[in-house]
Amino acid sequence: MSKPTIIVVGNGMVGYKFCEKLLARSTQFQIIVFGEEPRHAYDRVHLSEYFNGKTADDLSLSTLSWYSDNGIALHLDDPIQEINRSEKTIHSLKGVTLKYDYLVLATGSSAFVPDIPGIEKEGVFVYRTIEDLELIRACAANAKSGAVMGGGLLGLEAAKALIDLGIAETHVIEFAPRLMPRQIDSAGSNMLQMKLSQLGLHVHLNKSTAAITGDKKIHALKFNDDSQLAVDMLVISAGIRPRDELAKLAGLHVGTRGGIAVNEKMQTSDECIYAIGECALYEGMIYGLVAPGYEMADIVAAHLTEADKSFYGYDMSTKLKLIGVDVASFGDAFITEPDCRTILFEDTHKGIYKRINITNDGKNLLGGILIGDADAYNMLLQTVNNKIVLPPDPEDLILGSRGGESNAGAGVMSLPDDALICSCEAVTKGVICSAVNDSGVTGIDGMKKCTKAGTGCGGCVPLVKDLIAGTMKANGQYIKNVICEHFDYSRQELFDLVKINGLKNYDLVLDHYGKGDGCEVCKPVVASILSSLWNDVIVKQEVIQDSNDRFLANIQKGGTYSVVPRIPGGEITPDKLIVIGQVAKKYGLYTKITGGQRIDMFGAHLSDLPLIWEELIDAGFESGHAYGKALRTVKSCVGSTWCRFGLHDSVTFAIEVEDRYKGIRAPHKIKGGVSGCVRECAEAQSKDFGIIATEKGWNLYVCGNGGSKPQHAQLLATDIDKETVVKYLDRFLMFYIKTADQLTRTATWLNKLDGGMSYLKNVIVNDSLGLGEQLEEEMQALVNSYHCEWKEAINNPSMRKRFAHFINAPDEKDPHAQFEPMREQVRAKEW
């Protein structure tokens, strides 16, 4: 008896997922797939990453052999032209005619292209396929300005693509009065627009395009208000249209505004034909996300194998990062009072907007919007979906608990087993926990292979990791935080092993405790450990530096480098200022005073670095370690030296502290501050360590940071003298260096530390582990072994050879490094 034949029309993400779902349920079907594109299924969700170095193969959901290995006949670059429902046959463009028992339409959608005069001109593109992206990239190579028509999800993704392609002047044109009108409210849109504007994106709202002007090629956009915008290219991303033309020709029922009408089993008006994904219309709704498309695919697979599963709509909650800005909406985001109570948090300084809607009785969360900080999205979504009762102070959901420590993992483990964790693959909490308990899964990679959780959009990965850790902890299992596949140790364990055995280079560490050849993950970790232990010149570690360490300078735009000499406490003599000016002028460098009270010099050629360093060192400067995971600066106010409010000499103390800890390598960069009074002009409480003068001495704060996720430092000790401050700092910094994971700031380290600040205070101040003296001695050994890395590099001939762009012509500069004028200085031209 022959197998029933299923023909899948469309080889996009949803069409591919249907094949995968059906094969998981049964092998009793003959599957034939027709794709319109010349390549097999690829990931459209992460399409813009094509401009960040990912290839078409990287984006592929499978290999060509996967189809043949699973008995699937694949026809690429051959769209279906006709469906004969009476004979149950299809006819393709290339003349293939086949009979089917069941037909699955996964034709997806096409870009909506408005009927605007001039839309056919060169330089106008849509943003849907890899081929579209290749055309956009080719055009962008010669474009200085570009625009995207459409301010929704896809439009902002397209805008990011233009920015990634180096088009500095990128515009977004939106007909509606706000960005992302379907996902976020007006206040959230205003915050998003402000954040995007700060990143250099030009947003134009309430704009209706009347015409595209130019000869053969686009020259400008003309709007209905008679204004114009000159651009070199335009990307259309004004929405999607379901691909239902084939269904219309076959006489299937379609919606008045498009879409193939389906029932809860995804059947069309012909019970042998199904429709899934963006072409399917269920109760008047087109679902434009991949997760509901995957759910539809599973429902058809279930129905064909006589399993009971139906579609009753889908949660359209979403979280994404648009041009570096977190944006999320979940549940009923737009419900308003008096149908609910709304709690709002808005911080225009940091660009954060949070809104949650709760029931009038305060018991349940209905939905919300997050802009600028969406870390809480997964748990908020679970709270809505599982009708979890809210805490007495529901504002804690977006502001965090202000009453002390909280158990971050408890919320995840309290979810019901049927809570949907990965919506793309329909993986529940119970399935994830079972994978840990029954299959021994202990990491995210294993979970992806076992359950496919996290393999779609990736938004659920943090929640999946928490569930793995929580389940292991509940089972009394040791949760091992290994560095990578080459080292079966945590950074802390390897740190101790390297120290005990006195290992001084990467090869020895790999031979003793690793396997294989190492990778880009473990090499920088070992480099950090070696430099933190032995304080040797990091450039000597030939194969394992971070890229900036390799040249003792930060690589900048245009392939040039920055030079940042140390200026302790921000104090500098006129003679040294003159030298910086002379050096900058001689080598054509752009200069800027930083927020850390230093002077940055940008635009240095690689071959000029040793020459610049020599002149600075001769003037008494040394490396500022701006390129390394080390102490950057200790910022100070003028304190009692000049200020009438200053209680103590904060400048002198800041210089002493910076001179003590300069050059010391750590898991991440370290910044400090010393303020002469509580007015806090040095912003000490936003640093990894902050020292603030009091009437009786100094208060010491630790574990703060600025950056994308600011956190105030917490008080460690009060009214202590300078000697005690230094003693506690020695202990604190050394304890952090020994125990933190690589690339973990002190604030994050403290957040993950069992016992939090109470435990840290016990270790540092009360010496509860009896390590105080040892930590002080280890720090003193690092202090005693300080060296200026610039000086070491220029005095070592073999190391100095590295600083040449062309090995056979060491004096020649990089010809690709180009500059352009800017406010009486120069800046690097875009790559």
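Asp659 is partly exposed, with a relative accessible area of 33%, where buried stands for under 20% relative accessible area, exposed for over 50% and partly exposed for what lies in between (1.4 Å probe, protein chains only). Its side chain meets that of Lys662 in a salt bridge (3.7 Å, N to O), and Lys662, at 14% relative accessibility, counts as buried. This is a predicted model, in which local features need pLDDT of at least 70 and side-chain atom pairs count only at pLDDT 80 or more, while totals for chains, interfaces and linings use all residues. Residues are numbered from 1 along each chain as its sequence is written, and side-chain values use heavy atoms, with hydrogens and water left out.

**Salt bridges**

- The structure holds 34 salt bridges, each being a side-chain nitrogen of Lys or Arg within 4 Å of a carboxyl oxygen of Asp or Glu.
- Asp298 pairs in this way with Lys309, their closest N and O atoms being 2.5 Å apart; Asp298 lies in helix H8 and Lys309 in the loop between H8 and strand E22 (318-322), 11 residues apart, with helices (H or I, at least four residues) and strands (E, at least two) taken as DSSP runs numbered from the N terminus.
- Asp298 counts as buried at 9% relative accessibility, whereas Lys309 counts as partly exposed at 23%.
- Lys354 and Asp373 form a salt bridge as well (3.2 Å, N to O), and both of these residues are buried.
- A network of salt bridges links Lys17, Glu20, Lys21, Glu425 and Lys452.

**Cysteines**

- The structure holds 0 disulfides, a disulfide being a pair of cysteine sulfur atoms within 2.5 Å.
- The sulfur of Cys422 is too far from the closest cysteine sulfur for a bond, because that atom, in Cys460, is 3.9 Å away.
- Cys422 is buried, with a relative accessible area of 3%, and Cys703 is buried at 0%.

**A sheet of three strands**

- An open sheet has the strand order E4-E5-E6, with antiparallel pairing, where two strands pair if DSSP finds at least two bridges between them.
- Its edge strands, E4 (80-84) and E6 (97-99), each pair on one side only.
- E4 is joined to E5 (residues 89-92) by 4 bridges, and Ile80 stands opposite Ser92 in E5.
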